[in-house]
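Visitor: Could you take me through the aromatic rings in this one? I'd like plain answers.

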Amino acid sequence: MIEKVNQFIEKHELIKKDSTIIVGVSGGPDSLALLHYLYHHQKGSYSTLIAAHVDHMFRGKESEEDLLYVKGFCEKYQIPFKSIQFDVTSYKKKHNLSSQVAAREIRYHFFNELMRKYQADHLALGHHGDDQVETILMRLVRGSKGIGYAGIQINRPFSCGSIIRPFLAVTRDEIEEYCLKMNLMPRRDPSNEKDDYVRNRFRHHVLPFLKQENPAVHEHFLRFSQYITEDNQVLDELTSEKMNKVMKRNEGNKIEIEISTFLAMPKSLQRRGIQLILNYLYKELPPSLSAIHIDNLLTFLESNHPSGELHFPSGLRIVKSYDSCTYTYTDYKDNVSPYRFQIDSPGLYKLEDGSEIKSQVWRNYPRSLVGNDCFVIDPDNIQLPIYVRTRKNGDKMTLKGMNGSKKVKDIFIDEKIPLHRRNLWPIVEDEQGEILWLPGLKKSSHEATCKTKSHYIVLQYTQ
């Protein structure tokens with residue numbers, strides 16, 4: 001076993017030279033063996049070894065005895081020992097969590113604090129090959145996302161360093177044999193023998209069958225995990241590259257994508273693209289988010305219906321309008337602020353939706369400015385001052401080059417402007433309320449055409 005683990009550490013370059021390692025030690029066989037192994041067989045690979053123990057206080061005096069046992073073990077070998085006692089039962093009730101999730105949160109919070117305090121390079125944990133088999137099977141059965149199907153990572157970023165798991169190359173039986181040969185007397189948690197937890201049921205009923213079929217099954221699962229991890233790294237890089245072309249807007253807690261470009265991506269990249277967006281917006285994914293949410297979102301985006309919205313956990317809203325899909329925590333209906341203000345002098349005017357209108361006076365007709373992002377006014381033919389406002393019911397305008405008028409609502413529909421953006425879209429009108437310009441979309445027939453005037457008012461729009 002020692003040789004196996006040595007080779008595994010060397011192959012995956014798990015331990016930095018002269019590093020500081022925090023070891024999570026519960027007192028059970030796996031973590032106690034890991035601490036003993038690192039102390040006796042990797043001494044030259046690191047400079048500092050620190051044991052960390054969390055008493056979750058689930059089993060009263062018995063839990064406290066685990067803490068004292070690990071403390072005594074560390075004193076025997078003069079290994080620095082750090083511990084906390086935390087009432088996880090109260091914490092789980094307060095935050096409405098399962099016992100396992102609550103314990104994990106407390107444990108990793110403590111590990112993170114120690115990592116930062118000692119500027120540690122690694123957090124070493126005692127997960128082994130059988131744990132890997134159980135984890136992958138559990139995730140296949142209940143469903144997971146992307147890299148989740150790879151199970152337990154050999155080495156992954158954490159806090160100011162990384163989590164390493166040197167024992168993933170060996171089995172529970174090999175660790176038990178190591179404990180026996182090294183005269184270690186690990187503590188035993190009675191709850192591990194019960195079938196109350198999902199993992200225990202896989203451990204007691206599924207794993208023995210697999211080992212009977214192939215005693216080296218853990219090696220195949222480890223290889224499978226590595227393949228999935230490596231494939232995911234390549235696909236994630238490709239997804240990031242593709243998503244840069246799909247993204248229309250990225251403003252902190254709001255992301256807008258172009259649906260047609262997104263759906264042109266291969267399906268596997270679509271799933272990863274959604275995952276990238278969710279990881280970015282959530283920071284920490286809510287436990288209730290599942291693969292079903294992503295499947296529902298893909299169906300939603302593929303639907304022929306031009307508009308709609310989905311509600312995801314923790315208040316995330318996904319709004320579809322024509323070829324745009326916006327992920328946001330903002331409630332558009334509650335945040336629409338109608339406005340009307342006067343453009344009475346040259347300058348830059350910032351609008352509610354983040355866009356801008358710049359007003360300038362030009363002595364000559366601006367022949368270089370073309371398109372719907374600019375509008376030229378002859379002051380002699382327009383009732384000044386000019387106003388910028390949000391839309392009203394029944395708005396109409398006379399379009400340049402057309403007879404008659406057209407409803408602003410119909411222009412928005414023709415231009416496929418998302419529903420949530422229409423109420424804040426700027427409308428430029430004169431003193432009489434005549435609509436002159438829908439910035440970025442349409443001009444009215446009132447734009448200056450004479451090129452012999454002494455000066456012009458030039459408006460330029462930036463989204």
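Visitor: How many aromatic pairs does the structure hold?
Guide: The structure holds 15 aromatic pairs. Rings of Phe, Tyr and Trp (its six-membered ring) pair if their centres lie within 6.5 Å; planes under 30 degrees apart count as stacked, over 60 as edge-to-face and the rest as tilted. One of them joins Tyr339 and Phe341, which are stacked, at 5.8 Å centre to centre and 25 degrees between the planes.

Visitor: Is Tyr339 buried or exposed?
Guide: Tyr339 is buried, because its relative accessibility is 13%. Buried means under 20% relative accessible area, exposed over 50%, partly exposed in between (1.4 Å probe, protein chains only). Phe341, at 24%, counts as partly exposed.

Visitor: What can I rely on here?
Guide: This is a predicted model: local features need pLDDT of at least 70, side-chain atom pairs count only at pLDDT 80 or more, and totals for chains, interfaces and linings use all residues. Residues are numbered from 1 along each chain as its sequence is written, and side-chain values use heavy atoms, with hydrogens and water left out.

Visitor: Why is the pair of Tyr365 and Tyr456 edge-to-face?
Guide: Their planes stand at 90 degrees, with the ring centres 5.3 Å apart, so the pair is edge-to-face. Tyr456 counts as buried at 1% relative accessibility, and Tyr365 counts as buried at 18%.

Visitor: Which residues do ring pairs link into a cluster?
Guide: Phe375, Phe412, Trp425, Trp437 and Tyr461.
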